[in-house]
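Hello,

Here is the structure I promised to pass on to you. My notes on what turned up in it follow below.

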Amino acid sequence: MQIPLVDLRAQYQTIRGEVLAAIEDVLSGMQLFLGPQSRAFEQEFAAYCGCDYGVGCSTGTDALMLALRVCEIGAGHEVITASNTFIATVEAIALVGATPVFVDIDPETYTLDWTQLERVLTPRTRAIIPVHLYGHPVEMQPVLEFAREHGLRIIEDASQAHGATYRGQRVGSFGDIGCFSFYFSKNLGAYGEAGICVTNDQKLAETLGMLRDHGSRVRYQHEILGTNARLDEIQAAVLRVKMRYLEEWNAARQAHARVYTEQLQDVIEAVPVVRPWDTHVYYVYVVQVRNRDQFRQELEREGIATAIHYPIPIHLQPACARYGYTRGMLPVTETVTERIVSLPMYPELSA
């Protein structure tokens with residue numbers, strides 16, 4: 001038996017008719033961006049997150065970059081984040097000309113360690129990007145308090161945590177802006193690329209809407225210099241179909257995670273931890289093992305796919321050498337990334 005890391009075909013078969021009908025509806029109207037599907041999805045997903053406004057984007061990377069721009073973060077500014085994340089978090093910071101400043105992670109949740117924020121604060125610090133990683137929220141209350149105390153913006157990278165909650169509130173709704181990716185493998189994934197910014201600030205939402213559409217509200221009238229980062233209408237239609245199943249799919253992921261944890265907790269070095277005030281939606285199910293290469297090879301021989309999210313921390317990536325980080329500066333991140341393995345996780349798994 002072959003068990004993939006993710007099985008998108010299995011999911012597609014359960015919603016195929018609805019998806020094809022939604023795509024046909026878009027193609028019949030031929031309004032291919034910023035049309036009725038995009039507007040409806042923006043409203044629906046923002047409401048799901050507990051926010052007033054949603055601004056669809058072409059990718060999660062663009063969502064982060066535009067969020068930084070609308071918060072007027074750029075050259076000479078610093079943004080605090082974690083190194084244990086996908087590189088898009090840091091690319092967005094670099095794209096606006098700012099400098100990423102890394103803090104280490106909680107060794108159990110793998111998310112940003114808020115106790116280290118004070119240590120890296122400088123007069124140039126303008127924002128914090130907490131990354132809700134693998135489906136588990138950052139401990140947000142102390143991050144929010146720190147940001148308020150020092151006048152910092154909070155831009156949540158919730159790209160891996162669609163539907164996760166912290167103290168009963170959905171991620172993406174805590175900071176100034178919440179950013180999501182709808183990369184195809186995510187809990188809520190497009191059939192291609194898409195992203196969104198959610199916020200409760202009307203002015204930020206209006207400016208985001210202009211920035212993602214060449215700086216205009218009215219075609220050929222450009223109030224600011226923006227970019228082309230519009231949400232594709234076909235992707236919006238697909239996401240509207242899939243969103244109807246998100247809670248059901250997240251519940252299935254959580255059920256699979258409970259089975260994994262029950263079976264593995266006394267067998268391997270570490271299984272995922274869920275704090276009492278959080279819900280985990282298991283974008284990936286990440287464990288720690290010694291002899292990782294051997295572990296993965298044994299599973300591969302049994303037909304079981306695995307992955308590593310992520311094998312090289314961002315602060316040690318060649319692309320980020322200019323920021324001056326060296327091995328040993330983020331010891332928890334570096335230790336964890338030598339042991340983590342992602343096991344198969346998707347709603348259609350069987351016990």
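Predicted model: local features only at pLDDT ≥ 70, side-chain atom pairs only at ≥ 80, totals over all residues.

Residues are numbered from 1 along each chain as its sequence is written, and side-chain values use heavy atoms, with hydrogens and water left out.

Back to Lys186. It sits in the loop between strand S8 (177-181) and strand S9 (195-199); helices (H or I, at least four residues) and strands (E, at least two) are DSSP runs, numbered from the N terminus. Lys186 is buried yet has no salt bridge, and the nearest side chain of opposite charge, Asp157, is 6.9 Å away. Buried means under 20% relative accessible area, exposed over 50%, and partly exposed in between (1.4 Å probe, protein chains only). A salt bridge is a side-chain nitrogen of Lys or Arg within 4 Å of a carboxyl oxygen of Asp or Glu; for charge, Lys and Arg count as positive and Asp and Glu as negative, while His and the chain ends are not counted. Leaving aside neighbours within four places in sequence, the residues in contact with Lys186 (heavy atoms within 4.5 Å) include His162, Arg253 and Tyr283.

Next, strand S9. 5 of its 5 residues are buried, so S9 is largely enclosed by the rest of the structure. Gly195, Cys197 and Thr199 are on one side, with Ile196 and Val198 on the other. S9 runs antiparallel to strand S1 (residues 53-57), joined by 5 bridges, and antiparallel to S8, joined by 4 bridges; two strands pair if DSSP finds at least two bridges between them. Cys57 stands opposite Gly195, and Gly178 has Val198 as its bridge partner.

What about disulfides: how many are there? The count is 0, taking a disulfide as a pair of cysteine sulfur atoms within 2.5 Å. Cys57 has its closest cysteine sulfur in Cys197, 4.3 Å away and therefore too far for a bond. For Cys320 the closest is in Cys179, at 18 Å.

Helix H8 (residues 233-243) is also worth a look. 9 of its 11 residues are buried, so H8 is largely enclosed by the rest of the structure. Its cover includes helix H1 (8-29), helix H2 (36-49) and helix H9 (246-264). Asp232 caps the N-terminal end of H8, with a side-chain oxygen 2.7 Å from the backbone nitrogen of Ile234.

Finally, the structure holds 14 salt bridges. One of them joins Glu108 and Arg275 (2.8 Å, N to O), a pair that links distant parts of the chain, 167 residues apart. Glu108 is partly exposed at 40% relative accessible area, whereas Arg275 counts as buried at 19%. Asp213 forms another salt bridge with Arg230, the closest N and O atoms being 2.9 Å apart, and both residues are buried.

Best wishes

How values were computed. Polar contact = N/O pair within 3.5 Å; in protein donor to acceptor, adjacent residues only side chain to side chain.
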